Amino acid sequence: MSIQVKNLTKTYGSQKALTSITFETQSNHIIGFLGPNGAGKSTTMKILAGILPADQGECLINGINIRLESIKAKQTIGYLPENNPLYMDMYVQEILTFEANLHRIPNPKNRIQQVISLTGLTQEKHKRVHQLSKGYKQRVGLAMAIIHDPKILILDEPTSGLDPNQILEIRALIKELSKNKTVLLSTHIMQEVEILCDEIIVLDKGILKDHFLKSDAAIRFPNQSMEEIFVQLTRS
Ligand SMILES: Nc1ncnc2c1ncn2[C@@H]1O[C@H](COP(=O)(O)OP(=O)(O)OP(=O)(O)O)[C@@H](O)[C@H]1O
């Protein structure tokens, strides 16, 4: 399933966040969505997730227009927001039941046990969310994002603020969960892009700076690391 964004524009009051962004990703790729702070990554992701309206432009998820067919699009998309806001007093199984009911999943008990196992939450499933480490809270956020088996995953800085061990574990989990899915992943960690991503999109100040396959990076940017490519594309 591809993600298609056409001339997307968004302004918050007088603050321009996105200026006519256009891109189309390939199916079943992990796409690194990169850019300096304030580049417009979260804004694009919120629009794609259907929780923020664009001022202009269109987003299509495998041809489904998210503005015109928002419910159908939301059935296809799983979203992990930045800073992963969770109901801290809920038990892990309770918050997953809540999410499953929002998606009207038939036979939710089976699916909840499946995602608990998939995301490595079995040992922690009887705890309340606030009792979990940050890495396990991220696992809960990922479990919620995949509960309806969406074909597109939008992950906004999923490894931000985690310790090095948890970063490795969450990365491995993302890799595992991304099988047969298209994943749009924002991150500031260039090593993560090298390890996980097939495709790279770079934004800066609300403008699309570049979009390329990682396999083409060596030809397009000879002898440059992802960090150097990032700096070159976003240096003002
Ligand atoms: N609710 C809001 N009200 C006003 N301005 C906003 C709002 N949300 C974002 N912005 C502004 O829009 C621009 C794009 O922000 P956005 O959060 O999309 O960037 P980002 O690339 O995700 O940044 P970061 O890497 O810091 O998370 C920034 O200038 C930001 O200050």
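Two strands pair if DSSP finds at least two bridges between them. Helices (H or I, at least four residues) and strands (E, at least two) are DSSP runs, numbered from the N terminus. This is a predicted model: local features need pLDDT of at least 70, side-chain atom pairs count only at pLDDT 80 or more, and totals for chains, interfaces and linings use all residues. Residue numbers start from 1 along each chain, as its sequence is written.

**View 1. An open sheet of four antiparallel strands.** The strand order is S2-S1-S4-S5. Strand S2 (15-24) and strand S5 (64-65) are the edges, each pairing on one side only. Two bridges join S4 (residues 56-61) to S5. Ile-61 has Ile-64 in S5 as its bridge partner.

**View 2. The largest nonpolar core holds 61 residues.** Such a core is a set of buried Ala, Val, Leu, Ile, Met, Phe, Trp, Tyr and Cys residues joined through C-beta atoms within 7 Å. Buried means 20 or more other C-beta atoms within 10 Å of a residue's own, exposed means 12 or fewer, and partly exposed lies in between; C-beta atoms are placed from the backbone. Leu-48, Leu-96, Ala-143, Ile-154 and Leu-185 touch the most other members. Helix H5 (residues 134-146) gives the largest share, seven residues.

**View 3. Arg-104 sits in the loop between helix H3 (92-102) and helix H4 (108-118).** Its phi is positive, about 50°, although Arg-104 is not a glycine. Arg-104 is exposed, because 9 other C-beta atoms lie within 10 Å.

**View 4. Asn-223 lies in the loop between helix H8 (214-220) and helix H9 (226-234).** Asn-223 also has a positive phi, near 60°. Asn-223 counts as exposed, with 6 C-beta neighbours inside 10 Å.
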